[in-house]
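Here is a short briefing on one protein chain. Look over the sequence and the model first, then read the points by topic.

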Amino acid sequence: MSVDSQSSSSRRQEIAKTFRLIGWISFWIQLVLGVVSTIIVLLFGIFSQRPGSPSNNPGNGFGVFLAVCGLVTLGVGVYLAFRYTRIGRQLLSSNPNNHPSKLETVQVLRFGLLVNLVGMLLTLLGAQAIVGTLVARSISPQAITTQLFDPNRIISGLDMLVVQANTNTVSAHFAGLVGSIWLLNRITR
């Protein structure tokens with residue numbers, strides 16, 4: 001084995017280990033934050049549909065729809081993070097036919113970047129709609145005079161939990177972006 005092939009092999013193994021490590025870190029961060037956000041959004045969807053619920057309004061509905069779209073794209077991001085670990089495993093294979101091409105790997109990473117950017121955008125738009133609805137409800141003239149008496153003007157803990165779910169989803173997409181950028185930088189050096 002020549003010196004060049006040894007250094008190429010050690011570089012490939014180093015990249016493979018990086019893919020596995022970053023893939024697993026990104027996978028678990030996105031999965032945990034995504035599961036927590038999904039549970040919160042589901043609970044919000046169930047409890048806000050009760051008649052007379054203050055959370056049952058069109059602004060929240062659109063915001064929650066966008067939040068769900070952000071969670072769906074997060075599911076794709078979780079899958080891609082898992083795929084990064086599989087790419088790392090393929091690169092460690094002793095059979096050179098199992099190694100993915102650099103072009104294919106870069107395409108997967110770019111797709112991961114795109115998915116997480118779109119997911120982050122959808123989630124941020126959902127958060128804007130939800131927070132905008134909550135702010136409008138809290139500062140409306142009726143809210144000032146009737147806040148103590150009208151339960152439709154009170155911002156509930158459930159309202160705040162859905163804002164937290166959106167924050168978790170944005171954080172999960174950010175983790176996916178960081179992982180994809182890190183790996184893209186590593187592979188293109």
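The protein chain exposes about 10400 Å². Carbon and sulfur atoms supply 69% of that area. The model is a predicted one. Of the 189 residues in the chain, 41% count as buried.

**Overall build**

- The protein chain has 5 helices and 0 strands.
- Along the sequence, the pattern reads α-α-α-α-α.
- Take the contacts between residues at least 6 apart in sequence: 84% of them join residues at least 24 apart.

**Nonpolar cores**

- In soluble globular proteins, nonpolar side chains tend to be buried together.
- The largest nonpolar core here has 19 residues.
- The residues with the most contacts inside this core are Phe-19, Tyr-84, Leu-109, Leu-183, Leu-184 and Ile-187.
- Four helices each supply at least two residues of this core: α1 (3-47), α2 (58-92), α3 (102-139) and α5 (157-187).
- Helix α3 gives the most to this core, with 6 residues.
- A second, separate core has 15 residues, including Phe-27, Ile-40, Leu-74 and Leu-158.
- Which residues does Leu-184 contact, leaving aside its neighbours within four places in sequence? Leu-184 is in contact with Val-106, Leu-109 and Leu-113.

**How α3 and α5 pack**

- The axes of α3 and α5 come within 8 Å.
- Those axes cross at roughly 160°.
- Angles over 145 degrees count as roughly antiparallel, so α3 is roughly antiparallel to α5.
- The crossing in which α3 passes α5 is left-handed.

**A closer look at Asn-168**

- Asn-168 has its place in helix α5.
- Is Asn-168 buried or exposed? The relative accessible area of Asn-168 is 11%. Buried means under 20%, so Asn-168 is buried.
- Not counting residues up to four places away in sequence, Asn-168 touches Leu-33, Val-36 and Ser-37.
- Asn-168 and Leu-33 lie 135 residues apart along the chain. Their C-alpha atoms are separated by 5.6 Å.

**Points to keep in view**

- Leu-109 is among the residues with the most contacts inside the largest core, and Leu-109 is in contact with Leu-184.

Terms used:
Residues are numbered from 1 along each chain as its sequence is written. This is a predicted model: local features need pLDDT of at least 70, side-chain atom pairs count only at pLDDT 80 or more; totals for chains, interfaces and linings use all residues. Side-chain values use heavy atoms; hydrogens and water are left out. Buried means under 20% relative accessible area, exposed over 50%, partly exposed in between (1.4 Å probe, protein chains only). Contact means heavy atoms within 4.5 Å. Accessible areas come from the Shrake-Rupley method with a 1.4 Å probe; for residues, only the protein chains shown count as cover. A nonpolar core is a set of buried Ala, Val, Leu, Ile, Met, Phe, Trp, Tyr and Cys residues joined through side-chain atoms within 4.5 Å. Axes are lines fitted to C-alpha atoms, for helices over the stretch in contact, and angles run from 0 to 180 degrees between N-to-C directions. Angles under 35 degrees count as roughly parallel, over 145 as roughly antiparallel, 65 to 115 as roughly perpendicular and the rest as oblique. A crossing is left-handed if the near helix is turned anticlockwise from the far one by less than a right angle, and right-handed if clockwise.
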